[in-house]
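Okay, everyone, let's get going.

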Amino acid sequence: MSEYLLLLYAEETDEAGAAERLSEMPVWNELNASLQEAGLLVSSNALHGIDTATTVRVRHGETEITDGPFAVTKEVLAGYYLLDCSDIDEALAQAGRIPLARYGSVEVRPVRYFDGDATSDQADAQG
Amino acid sequence: MNERSDDPAAAAVASTYRNERAAVLATLIRHVGDFQLAEDALQDAFADAITSWRRDGIPANPGAWITVAARRRAIDRLRRDRSVADRTARLAELISLDAQEHPPMSEANAIIDDQLRLIFTCCHPALDLQARVALTLRVIGGLTTGEIARAFLVAEPTMGKRIVRAKRKIADAHIPYRVPPDHELPDRLVGVRRVVYLIFNEGYSATEGDRLVRDELCSEAIRLGRLLCQLMPDDAEAWGLLALMLLHDARRPARVDADGRYVAFGEQDRSLWDESRTREGMQALGRAVRLRPPGQYQLQAAITALHMQSAPDWAQIAELYGALAKLSPSPVVEVNRAAAVGFAAGPQAGLELIEGLRGDPALERYQPLHAAHAELLRQAGDTAGAARAYERAIALSANAVDRAELERRLAALRAG
């Protein structure tokens, strides 16, 4: 089994849109329950909007704190799922069940491990 | 690898490489669980074969010899390379396989399954389409990175990076090495056939680049098409695709004249068509038709077969284009359908269909639409209208061969 981080991106919406998305709550709850039951769900959360985001950078020893997200994009990070799947096919199938995928985008990223003899640096050098 | 009559060992290695490499590699990848390592081990085995076969003679079963040699090379590499996941378990399995004198009886089915696994992994939708094409040619076709780069007119390091990145994604994202389950199979097969047809088209329709390399792409796509039919003999569209590629390829020698100019279908010297390709294509089409249901490749193959008759049945061609338009609607199909209707029922009937398409702003800059419009206007006797449409089509031509052909037709029209 490997872990996959599913990053949920969508355009920020107005009040009417927010109400519509909220009405889909039962679908989300059902999805979360079924992921839990299948033993795939490691963790999942929704995030507050990007107007609450703060970005930190340390340059030449100086800490810079900026109000806002790291980059301004049309679709913003709205939440995530961390899933434990047997392979990418399973992760992609679960990503397709997320209601947000119908109006936003779900980016699926395999989690990288740095333990034992399978270090990714060696894999990189091997090409 | 050159085949030389004075070096039978080298010739035997080249022939084994061409005919058995993909099957041996497919099984080795399953055993070692790593694309790169399996490819490297197999490459070692072929290098060993040259020396060994020159010294000791060509073995009775070269494929089996390569399988054993590649497995032993993989064991050596696994012992040294600590970066491979499940290394210990993989090693134990390989060593136990190596100890068996005869492969188990189930091997024949396993070889078919392994090749399917390899195809489905190389054509996995999580990989970029260009990467799927490159990986399929590299891993299954056995083309070198340099050959693939030349075929697609990109620099060799760029192509190398594309292939390495794809292999790394297979490993890091855990793209599974398996035949998809039944409920995913139809969609995934569509994807595989698309990759094969793309390879064929790249070789067939590209007008730039090394001619020999492009011919090699067509031959490779046909080899892949035959392999798909062999692995999935009940898949109607696999036969449809093979038929389509063969029937196009049969006409390849007649498509360009001695001066390198494009020759339109109706004006080709039929004696130049490749008979054995045509025969094999018609057989594959027959097989596809019997299997049903007709898919897009089968319909296109049937249209091509009808075109190849000395007196094409345009009404039937128009009807098949109609069926194709329902199955996979596209402007190409609509324009071809209008042209076929023009031949079957007269230019006015074709022009009526064209008028409907000319209202679509998305097609305003679509060159084939204006070329077909010009052709139909010419047949209807509207010389001035035809000339305007030809000019429009010429202005929109991105490729020199098309442009030259349209200019020739315009000149012929003006000459009356």
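Let's begin with Ala243(B), which touches Gly281(B), Ala284(B), Leu285(B), Ala288(B) and Ala301(B), if you skip residues up to four places away in sequence. Bear in mind throughout that this is a predicted model.

So where does that alanine sit in the bigger picture? Ala243(B) is among the residues with the most contacts inside the largest nonpolar core, along with Leu28(B), Ala38(B) and Val196(B), and that core has 120 residues. The helix that gives the most to this core is α11 of chain B, residues 236-250, with 10 residues.

As for the hand, the crossing of α12(B) and α13(B) is left-handed.

Which residues make the contact? From α12(B) you've got Met282(B), Leu285(B), Ala288(B) and Val289(B), and α13(B) brings Gln298(B), Ala301(B), Ala302(B) and Ala305(B). Sorted by class, the contact of α12(B) with α13(B) has 7 nonpolar residues, 1 polar one and no charged ones. And Ala301(B), if you remember, is one of the residues that Ala243(B) touches.

Okay, zooming out to chain B as a whole. How many helices and strands does chain B have? There are 19 helices and 0 strands. Its C-alpha atoms fill a box of roughly 80 × 50 × 40 Å along the principal axes. Of the 416 residues of chain B, 38% count as buried. If you take contacts in chain B with a separation of 6 or more, 59% come from residues 24 or more positions apart.

A few loop residues in chain B next. Cys123(B) is in the loop between α5 (107-122) and α6 (129-140). Is Cys123(B) buried or exposed? It has 23 C-beta neighbours inside 10 Å, so Cys123(B) counts as buried. Leaving out residues up to four places away in sequence, Cys123(B) touches Arg132(B), Thr136(B), Gly191(B), Val192(B) and Val195(B). Arg82(B), on the other hand, is 41 residues from Cys123(B) in sequence and 28 Å from it in space, C-alpha to C-alpha.

Most residues other than glycine have a negative phi. Leu153(B), though, has a positive phi of about 55° without being a glycine, and His174(B) also has a positive phi of about 55°. Leu153(B) is in the loop between α7 (145-151) and α8 (156-172), while His174(B) is in the loop between α8 and α9 (185-205). What about burial? Leu153(B) counts as exposed because it has 12 C-beta neighbours inside 10 Å, whereas His174(B) is buried, with 21 other C-beta atoms within 10 Å.

Last up, chain A. It has 4 helices and 6 strands, and along the sequence they run β-α-α-β-β-β-β-α-β-α. Chain A has 127 residues, and 12% of them are buried. Of the contacts in chain A with a separation of 6 or more, 74% are between residues 24 or more positions apart.

That's my tour, so over to you.

Terms used:
Residues are numbered from 1 along each chain as its sequence is written. Chains are lettered from A and ligands numbered from 1 in the order in which they are written. This is a predicted model: local features need pLDDT of at least 70, side-chain atom pairs count only at pLDDT 80 or more; totals for chains, interfaces and linings use all residues. Helices (H or I, at least four residues) and strands (E, at least two) are DSSP runs, numbered from the N terminus. A residue is buried if 20 or more other C-beta atoms lie within 10 Å of its own, exposed if 12 or fewer, and partly exposed in between; C-beta atoms are placed from the backbone. Two residues are in contact if their C-beta atoms, placed from the backbone, lie within 7 Å. A crossing is left-handed if the near helix is turned anticlockwise from the far one by less than a right angle, and right-handed if clockwise. Ala, Val, Leu, Ile, Met, Phe, Trp, Tyr, Cys and Pro count as nonpolar, Asp, Glu, Lys and Arg as charged, and the others, Gly among them, as polar. A nonpolar core is a set of buried Ala, Val, Leu, Ile, Met, Phe, Trp, Tyr and Cys residues joined through C-beta atoms within 7 Å.
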